[in-house]
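Please read the points below with the sequence and the coordinates open.

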Amino acid sequence: MADVSRIDARGPRFAASITAVLLLVATLLSLIGVSTQRQDAVGGWSVSAASVAERVADPGFLLVLVIALLFVWGVAAPRTAPWGVLYRRAVQPRLAPPTAFEDPRPPRFAQGVGLFVTGIGLVLHLAGVPWALPIAAAMAFVAAFLNAVFGLCLGCQLYLVLQRAGLVGRRGPAAA
């Protein structure tokens with residue numbers, strides 16, 4: 001059985017790389033969708049069933065929804081999440097043995113932060129708030145990009161701040 005109290009630090013960066021690419025595409029698709037939204041006669045945004053159905057069918061919405069579901073998977077069952085499995089089965093065996101390990105709790109928390117950000121964007125988009133979806137997707141993209149390229153996990157840093165405040169992770173210290 002694998003030691004789940006520490007993980008190869010390269011795994012979350014690999015997952016962040018794929019997530020960043022998906023979020024970049026989602027941001028671009030949601031920007032295209034924003035440009036096609038119509039305002040009603042009084043200048044407000046329509047919340048009729050037809051307009052909600054139109055927003056649900058938006059490709060940007062659908063991709064952000066898939067990404068949010070992947071975040072749910074990463075929070076609920078990180079050992080079986082697709083990018084982690086892909087990393088462990090296809091990438092990690094081709095690399096030198098890991099020299100840096102980390103506590104899995106901060107990256108799991110970061111998945112929850114990604115879920116929160118994209119979830120807010122999805123809900124606001126369905127409610128007809130203009131620009132909510134591309135802004136949420138772009139914010140999540142920036143976080144994933146920073147992790148993938150620079151190893152700076154904003155969600156992990158937030159976890160450590162909350163841990164120091166005694167709000168999360170009381171079982172022991174976490175090192176990001």
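This is a predicted model: local features need pLDDT of at least 70, side-chain atom pairs count only at pLDDT 80 or more; totals for chains, interfaces and linings use all residues.

1. The largest nonpolar core contains 17 residues. Leu23, Ala26, Val64, Ile67, Leu122 and Leu133 have the most contacts inside this core. At least two core residues come from each of helix H1 (10-36), helix H3 (59-76), helix H5 (105-126) and helix H6 (132-150).

2. Which residues does valine 64 touch, leaving aside neighbours within four places in sequence? They are Ala26, Thr118, Leu122, Leu133 and Ala137.

3. The H5 and H6 axes come within 8 Å and cross at roughly 170 degrees. Because angles over 145 degrees count as roughly antiparallel, H5 is roughly antiparallel to H6. On the H5 side the contact is made by Val117, Thr118, Gly121, Leu122, Leu124 and His125; H6 contributes Ala132, Leu133, Ala136, Met139 and Ala140. By type, the residues of this contact are eight nonpolar and three polar, with no charged residue.

4. H6 has 19 residues and spans 27 Å from its first C-alpha to its last, close to the 27 Å expected at 1.5 Å a residue. Its buried residues are Ala132, Leu133, Pro134, Ala136, Ala137, Ala140, Phe141, Ala144, Asn147 and Ala148. For reading that list, an α-helix has 3.6 residues a turn, so residues three or four places apart point the same way.

5. What follows H6? Glycine 151 does, with a positive phi near 75 degrees.

Conventions: Residues are numbered from 1 along each chain as its sequence is written. Side-chain values use heavy atoms; hydrogens and water are left out. A nonpolar core is a set of buried Ala, Val, Leu, Ile, Met, Phe, Trp, Tyr and Cys residues joined through side-chain atoms within 4.5 Å. Buried means under 20% relative accessible area, exposed over 50%, partly exposed in between (1.4 Å probe, protein chains only). Helices (H or I, at least four residues) and strands (E, at least two) are DSSP runs, numbered from the N terminus. Contact means heavy atoms within 4.5 Å. Axes are lines fitted to C-alpha atoms, for helices over the stretch in contact, and angles run from 0 to 180 degrees between N-to-C directions. Angles under 35 degrees count as roughly parallel, over 145 as roughly antiparallel, 65 to 115 as roughly perpendicular and the rest as oblique. Ala, Val, Leu, Ile, Met, Phe, Trp, Tyr, Cys and Pro count as nonpolar, Asp, Glu, Lys and Arg as charged, and the others, Gly among them, as polar. The expected span of a helix is 1.5 Å times one less than its number of residues.
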